[in-house]
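Please open the structure in your viewer and keep the selection tool at hand. The tour moves from one selection to the next and says what is there.

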Amino acid sequence: MHKLTKAPLALNGLGRCLITEKHLSAVNIIRRGLVCSENRTDSSKTEVYDVIISGGGMVGSAMACSLGMDPNLSGKKILLLEAGHKKVMDRVPDTYSTRVSSISPGSATLLSGIGAWEQITRMRCKPYKRMQVWDACSDALITFDKEDLLDEMAYIVENDIVVAAITRQLDAMPENVQVKYKSKVVKYTWPMPHHAAESIPWVKVTLANGETLQTKLLIGADGPNSMVRQKLGIPTVKWNYDQSAVVAVLHLSEPTENNVAWQRFLPTGPIAMLPLSDTESSLVWSTSHHLAEELLELDEESFIDAINSAFWSNENHSDLIETAGALFRGALSAIMPSAGSPRQLPPSVAGIGPKSRVMFPLGVGHASEYIRHRVALIGDAAHRVHPLAGQGVNLGFGDVACLTHILSQAAFNGKDLGAIQHLLEYETERQRHNLPMMTAIDLMKRLYSTNAAPAVLLRTFGLQATNMLPTLKEQIMAYASK
Amino acid sequence: MMYSNKLGRLMFGLRGLEATSARGAFQRAAARSGFSWAAVRKQRTLWQQRMHQTGGRSAVHTTVDPGEVKRFQLLANKWWDEEGEFAALHAMNDLRVPFVRDNLLNVQRERHPGQPLAGLRILDVGCGGGLLSEPLGRLGATVSGVDPVEDSVRIARLHAAHDPDLRDRVSYRACTLEELSDEEQGVTQFDAVVASEVVEHLADLDTFAICCSRVLKPGGSLFITTLNKTNLSYALAIVVAEQLLHIVPRGTHDWEKFISPVELERLLESNGFLVQSVQGMLYNPLSGAWSWTNNTEINYALHAVKQDDEAEAGSTTPGGHNEAAHS
C-alpha cells in the first residue's frame, strides 16, 4: 500500500526513508544531532491530522462541527470521512422522509451551539408537548408533559434535515476543518503503545482510493456495525431483538393540533405515532420479523386498518387484568387523589405517504470499552438501543458534547489529544450515563413483550403508580432530556 | 487499566519491603534529630563541613553535578513511559503547565485562540525527555530545551520528531545552562525560563540564578518547581516515595540539596528577581494525581520575574513575605 518513491531519496544526499514504519535511518540522523526536517513530498503523502472522524451521520458530523467551533481547538486539523455523498438540501422536499428522530432539549442545545438548530427550525421540525404511553393489555397509562403544556418536551425532526443542516454549517467552517465525501476506509493501522519509540505513533487510515492519512486521534462514529470497533477487537455485548421496525408516513383523517407523541405497548411490540405536522405523523411499529413482513405486503387500506386497530382496540384486555387495574387505580387515587391524567385517544389514520413503508431490524449493543489508545467511539458505534424510548441519537449527541468538552480542556493544557488519560474520563462519564438508560430501555422492552398475567399486573401497577408521582416523572423526563 | 497498574506497583512496592528495613526506615525518620546512624552519618559530617557555605552545596560555579548526570543517563529510556519511573512527572504536567500558562497569560497578551502562548520564547532547563517542553510547544510557544544528559536529549528529539506541530516549535540541545548563557548573552533572550524539578539536582544555585538572569528578557518570568527542605519532605519524598512505595527511583533525590521557599526567594532576589507567587503541591500516590495546596512543606512551585535594571536599583532585601507560610 505504501509507495516508496525513490525520487526524494535520490534528491536527498543523506538517503533518508519516508516516514513509514521503517524510518530507522531517520533515527540515526537524529542521533547525530541534526534536526530532521520533513521532505515536502513526504508530508503531502501522509498528512498528520489532529482528529479524524470516521462516519458522517448525524453524530459524526455534529462531532466535526462541534470540534471545529471550539476556541481552544482552533487551528487544529480536523477531517471528517464519509462514505456516502454530500447531503445538500437547497429546498425542503414536499414529502416527509420516513426516518425521523426525537431530539431532546439537551441535543437541541448542542445543535444550536453549532448553529445547526437555527437551520433545522427554518427547514422543518415539529415540537411536541406531551407524550402518552399506554398498555394494550390493561388500562394503565402514563403521560409525560411539562407543566401547563407551555414548554416543548422534545422535537421530531427528519434525519435528513439534521444532516443537511449540519453539513451547511460544516461548509462555512475555516479550512482546518475538512470533509471528504465518498471516501471509504479499507484499513486501520493501530499505533504501538507510546514507549516503543521507533514506530510511527499515529493511527493510520487507508482509504479505498489508496490514500493514507495519519491522525493523533481517531473518533469512530460509523454506526452500529462499526468497523473501527471491530478492528480494535473491542468486546461488545450485543444481541438482535427478534423484532423489526416498520416505519411509514401517515396522513391523519382530519387536521389536529398534533403536539402529542403516542406510544402503545402491544404484546408483539410497541407502536408509536410521532407528530410531523398538523396533518401528518410518523409511524414506528416495532414488531416480530414475521408480522413486519406481513405488514409491508398488506395493501394500503388493510395496513391503515391494522394501525388504527392497534391503537384503538381492546382485544388484549382480560377480565382479571381489568378488575386488578381498577383496584390499583382506586387504591392509588385514595393515596394521591389529585394525580393521574385523563386518557386521550390518538388521532385516526386515513392514508399513508406514497412508497413510504420501510422496515429495518432492531438490536441492542454496547461496547465494553469506548476508548483505546488514540481512539474513541461515539454514537451508535458505542451503544445501540431500541427506538421505543426515542433516545438513540440523543445518547450520541450527549457523547459529542462530553468529548468536545474534554478535548477542549486537554488542548488548553497542551496535551496530546490522543492521550489516554482524558479519553478515560470521557469513557467513564458517558458509560455512567448511558448504561442505566440502556438497561432501562431493554428492561421495558422485555417487560412489555409478554401478555402473561403476572408481568402485566406488575407493569400495570408500576405504570399507574409512576403516573401518579409527579416528582418521579420529572426525574425521568430530566434524565431523558439531557 | 491504568489504575490497576498503578495499584499493582504500589502494592509491589509495599510488599517488596522487608519488615526489618521498614522498621529501620521508620526508626531513622523518628530518631533523626537525636542520633546519627550509618546511612546518614556520612551526610551529616559533610553537612557540618559545608555549614559555613551557602545551602547544602559547595560553591563550584557550575550547575552540573556529575553524579546526577550519571543517574539520569541510566534512566533515559524511561522518560516517555507514562506508567514507569517518571509517571509522577507526567502527572505533574496537570499542575505545572497551567501554572506556566496562566502566569504568562496574565502579563497582558493578545489572545490567540487555540495557541495561548504563541509568540513567546521559553527555555526549559533540565528538560529531560521533553515532558514539559512538548505541552508548552503545543500551546504555541517556541521552546528550547537544554539538558546535560545527551541520552535524554536524544529521546526528547525522537519523541518530538513525529509531530509536525512540535517539529517547528520545540528544539533540544545537550548542553548546560552556563554554556547556553555564555553564548546567548545579549543575543537572544527568552520570555520565560522553566526549571521544573531541577534545582534539587544542581551543584550551585547562585550560578543557576545568574545564568537565568542573563538569558531572560527584563520582565521575563522564571518558573521553578522543587522540594522543600523539611522533616516532612524527608519522610515523604525520600523515605516513603523512594524507599517504600517506589514512586520515584531510589537515589533520585538528595535531601541536602532541597531548598526552602524562603531560601530560594532570598537567593533569587539577591540576583535581581522578584518573587510573585509560591504555591504548594501535593501528590496523592493512590490516585497518582497532583493537586495544589497551601502547604509548601513538601513540593512547591514558584514564579519570579526578572527586574528591569531601573527597578533593580530600587529593590530592597526580601522579607516582606511571611516566614510562617513557607516553613
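What follows is a short walk through aromatic pairs and surface patches.

This is a predicted model, in which local features need pLDDT of at least 70 and side-chain atom pairs count only at pLDDT 80 or more, while totals for chains, interfaces and linings use all residues. Residues are numbered from 1 along each chain as its sequence is written, chains are lettered from A and ligands numbered from 1 in the order in which they are written, and side-chain values use heavy atoms, with hydrogens and water left out.

**Aromatic pairs**

A pair of aromatic rings is described by the distance of the centres and the angle of the planes. Here rings of Phe, Tyr and Trp (its six-membered ring) pair if their centres lie within 6.5 Å, and planes under 30 degrees apart count as stacked, over 60 as edge-to-face and the rest as tilted. A search of the whole structure finds 12 aromatic pairs over all chains.

Select Trp134(A) and Trp262(A), which form an edge-to-face pair with 6.3 Å centre to centre and 85° between the planes. This pair links distant parts of the chain, since Trp134(A) lies in strand 5 (residues 130-135) of chain A and Trp262(A) in strand 13 (residues 260-266) of chain A, 128 residues apart; helices (H or I, at least four residues) and strands (E, at least two) are DSSP runs, numbered from the N terminus. Both Trp134(A) and Trp262(A) are buried, where buried means under 20% relative accessible area, exposed over 50% and partly exposed in between (1.4 Å probe, protein chains only).

**Surface patches**

Asp and Glu count as negative.

Select Asp299(A), Glu300(A), Glu301(A) and Asp305(A), which form a negative surface patch. Asp299(A) lies in the loop between helix 9 (289-297) and helix 10 (300-312) of chain A, and Asp299(A) counts as partly exposed because its relative accessible area is 46%.

Now select Leu469(A), Leu472(A) and Ile476(A), a nonpolar surface patch with about 210 Å² of accessible area together. Ile476(A) is in helix 15 (residues 470-481) of chain A, and its relative accessibility of 36% makes Ile476(A) partly exposed.

Terms used
Patch = residues over 30% accessible without salt bridge, like charges linked within 9 Å, V, L, I, M, F, W, Y side chains within 5 Å. Areas by Shrake-Rupley, 256 points an atom, 1.4 Å probe, with all protein chains shown as cover. Salt bridge = Lys/Arg side-chain N within 4 Å of Asp/Glu carboxyl O. Charge placed at Lys NZ, Arg CZ, Asp CG, Glu CD.
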